[in-house]
Amino acid sequence: MSPVADQPTSSFDADGLSKQYEVLTPEPVTSNSTLKDRIRHHYELASDYYYTLWGEHVHHGYFLDPADTKERAQVRLIELLLDRAQLDKGTTVLDVGCGIGGTSRYLAKYHECNVTGVTISGKQVEMAIKLSLGQGGGDPAKAPAGETINLGGGSVKFIELDAEALRVYFADATNAIFDCVWISEAMSHLPDKELFFRNAFQLLEFDGKLVIADWFKAEALTDAQSESDIKPIEGIIRILLLEYFLYLSLAD
């Protein structure tokens, strides 16, 4: 079993609460730039909160045992992707939508990868660097954006970058071809998904690998499937929205 760091947890009691709230109707977005600004602003405000809720891995988990903690399940998801991708140790990885760097650090520490993490949020870059320096024995007060931090047998570095500008950013960079482009639960934030795939193709080695994990709703679900699979997820979203707005109401 791979090591799992202690994580902050939420004591929020959500039992039955989701049924008291309606799913909010999203406001219309007039352009891709407006959407990106909203996404950036969202994570600038909420990343500290997400850390208390999710821990360092801001993504869902793969539960195999009722006794699994969310931290163990989150690591299991990374391990599942590694197993499916058959990613060699020591590879170079571009972690797109890296959040606060949990997956990047895991790949570096336990799979000896050299990882470049990109996120649209400067706040997340700051948090990712500080957490990485803390785990790597560095000074968390010193946060060199874009500089390499050694972890285990690998390394990480984090860059504030719009995922749709990958090819432009890396066009003149050295060592800008990767063995793997990794994107976990960030695809929904990309307005132009076709552009992302073109950029990923340009940045991958000839035999490189594209690793994707995300939520996809199948077409033509039956009422029973919607009731058993979709409505519980919508309930969780209501809870998260409620706790999120409570958090923002307490912010300065």
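Biologist: Let's start with H57: where is H57 found?

Modeller: In this predicted model, H57 sits in the loop between α1 (32-54) and α2.

Biologist: Why is H57 called buried?

Modeller: H57 has a relative accessible area of 5%.

Biologist: Which residues is H57 in contact with, leaving aside its neighbours within four places in sequence?

Modeller: They are Q74, V75, I78, G102, T103 and Y106. What makes each one a contact is that heavy atoms lie within 4.5 Å.

Biologist: Some of those names make me think of helices. How do you describe two packed helices?

Modeller: You give the angle between their axes and the distance between the axes. For α2 and α3, the angle is about 65° and the axes are 11 Å apart.

Biologist: What makes the contact between α2 and α3, residue by residue?

Modeller: From α2 come V75, I78, E79 and L82, and from α3 come T103, Y106, L107 and H111. By class, this contact has 5 nonpolar, 2 polar and 1 charged residues.

Biologist: And what is the handedness of the crossing where α2 passes α3?

Modeller: That crossing is right-handed.

Biologist: Now for the inside of the protein. How many residues does the largest nonpolar core have?

Modeller: It has 25 residues, and those with the most contacts inside it are L82, V93, L107, V156, F158 and W182. At least two residues of this core come from each of α2 (70-85), α3 (102-111), α4 (122-135), β3 (149-151), β4 (154-160), β5 (178-184) and β6 (204-213). The most is given by α2, with 5 residues.

Biologist: Which residues is V93 in contact with, beyond its neighbours within four places in sequence?

Modeller: V93 is in contact with L87, L107, C113, N114, V115, T116, F178, C180 and W182. There is also a second, separate core of 19 residues, which includes V118, A163, A176 and A186.

Biologist: One last residue, then. F170 lies in helix α5 (residues 166-170). How do you know that F170 is buried?

Modeller: Its relative accessible area is 7%. The cut-off for buried is under 20%, so F170, at 7%, counts as buried.

Biologist: What does F170 touch, not counting residues up to four places away in sequence?

Modeller: F170 touches L94, T116, I159, L161, A176, F178 and L203. Take L203: F170 and L203 are 33 residues apart in sequence and 8.2 Å apart in space, C-alpha to C-alpha.

Methods: Residues numbered from 1 in each chain as written. Predicted model: local features only at pLDDT ≥ 70, side-chain atom pairs only at ≥ 80, totals over all residues. Heavy atoms only, no water. Helix = DSSP H or I, 4+ residues; strand = E, 2+ residues; numbered from the N terminus. Buried < 20%, exposed > 50% of the residue type's maximum accessible area, 1.4 Å probe, protein only. Core = buried A, V, L, I, M, F, W, Y, C linked by side-chain atoms within 4.5 Å. Axes fitted to C-alpha atoms, helices over the stretch in contact; angles between N-to-C directions. Left-handed = near helix turned anticlockwise from the far one by under 90°. Nonpolar A, V, L, I, M, F, W, Y, C, P; charged D, E, K, R; others polar.
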